[in-house]
Amino acid sequence: QVQLVEAGGGLVQAGGSLRLSCVVSGSTVSSYAMGWFRQAPGEGREGVAAWSGIRMYYADSVKGRFTISRDNAKNTVYLQMNDLKPEDTAVYYCAASARGLSIGAMVQPSSYEYWGQGTQVTVSS
């Protein structure tokens, strides 16, 4: 069975950087479309970044600051977050889908079959 485990969250000062990781077990990361979502209290899950084949998506709010990547040897997907802002504070989740996803589908939580447990990112000013 497929499991996703996120790590790398924490407390960072505005302008700092964090790298989140998502280790995929039970399958190979290259077999899946991967997405990163975030959720602040009282809000829905927001698509942050996603990768599926050659398709890439970044939310306007994170373009130029966040980068999604993968390491096939480690079966891990990363979200490099630079120049963090207080509004980036949220629980971040990684997600995986075995389906081929359009750009529009990549930003929809309902497109993903598997989810990690989430990791808290807090950015102070």
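Which residues of the largest nonpolar core touch the most other members? In this predicted model, the core comprises 28 residues, and those that touch the most other members are Leu 4, Met 34, Trp 36, Phe 66, Leu 79, Met 81 and Tyr 92. Several strands contribute to this core: at least two residues each are supplied by S3, S4, S5 (46-52), S7 (66-71), S8 (76-81), S9 (90-97) and S11 (119-124). Another core, of eight residues, lies apart from the largest one and includes Ala 33, Ala 50, Ala 95 and Ala 105.

When neighbours within four places in sequence are left aside, Leu 4 is in contact with Cys 22, Val 23, Val 24 and Met 34, among others. Its contacts also include Cys 94, Ala 95 and Ala 96, as well as Tyr 114, Trp 115, Gly 116 and Gln 117.

Aromatic pairing was considered next. A pair of aromatic rings is described by the distance of the centres and the angle of the planes. Four aromatic pairs were found in a search of the whole structure. One of them joins Tyr 32 and Tyr 114 in an edge-to-face arrangement, with 6.1 Å from centre to centre and 80° between the planes. This pair links distant parts of the chain, 82 residues apart: Tyr 32 belongs to the loop between strand S3 (18-25) and strand S4 (33-39), whereas Tyr 114 belongs to strand S10 (residues 114-115). Tyr 32 has a relative accessible area of 10% and is therefore buried, while Tyr 114, at 29% relative accessibility, counts as partly exposed.

Phe 37 and Trp 115 form an aromatic pair that is tilted, with the centres 5.1 Å apart and an angle of 55° between the planes. Because Phe 37 lies in strand S4 and Trp 115 in strand S10, the pair ties together parts that are 78 residues apart in sequence. Phe 37 is buried, its relative accessible area being 0%, whereas Trp 115 is partly exposed, with a value of 26%. Ring pairs also bring in Tyr 112, so that Phe 37, Tyr 112 and Trp 115 are linked into a cluster.

Arg 45 was found over two aromatic rings. Arg 45 lies over the face of Tyr 93, at 3.7 Å from the ring centre, and also over the face of Trp 115, at 4.7 Å from the ring centre.

Methods
Residues are numbered from 1 along each chain as its sequence is written. This is a predicted model: local features need pLDDT of at least 70, side-chain atom pairs count only at pLDDT 80 or more; totals for chains, interfaces and linings use all residues. Side-chain values use heavy atoms; hydrogens and water are left out. Rings of Phe, Tyr and Trp (its six-membered ring) pair if their centres lie within 6.5 Å; planes under 30 degrees apart count as stacked, over 60 as edge-to-face and the rest as tilted. Helices (H or I, at least four residues) and strands (E, at least two) are DSSP runs, numbered from the N terminus. Buried means under 20% relative accessible area, exposed over 50%, partly exposed in between (1.4 Å probe, protein chains only). A charge sits over a ring if NZ of Lys or CZ of Arg is within 6 Å of the ring centre and within 35 degrees of the ring normal. A nonpolar core is a set of buried Ala, Val, Leu, Ile, Met, Phe, Trp, Tyr and Cys residues joined through side-chain atoms within 4.5 Å. Contact means heavy atoms within 4.5 Å.
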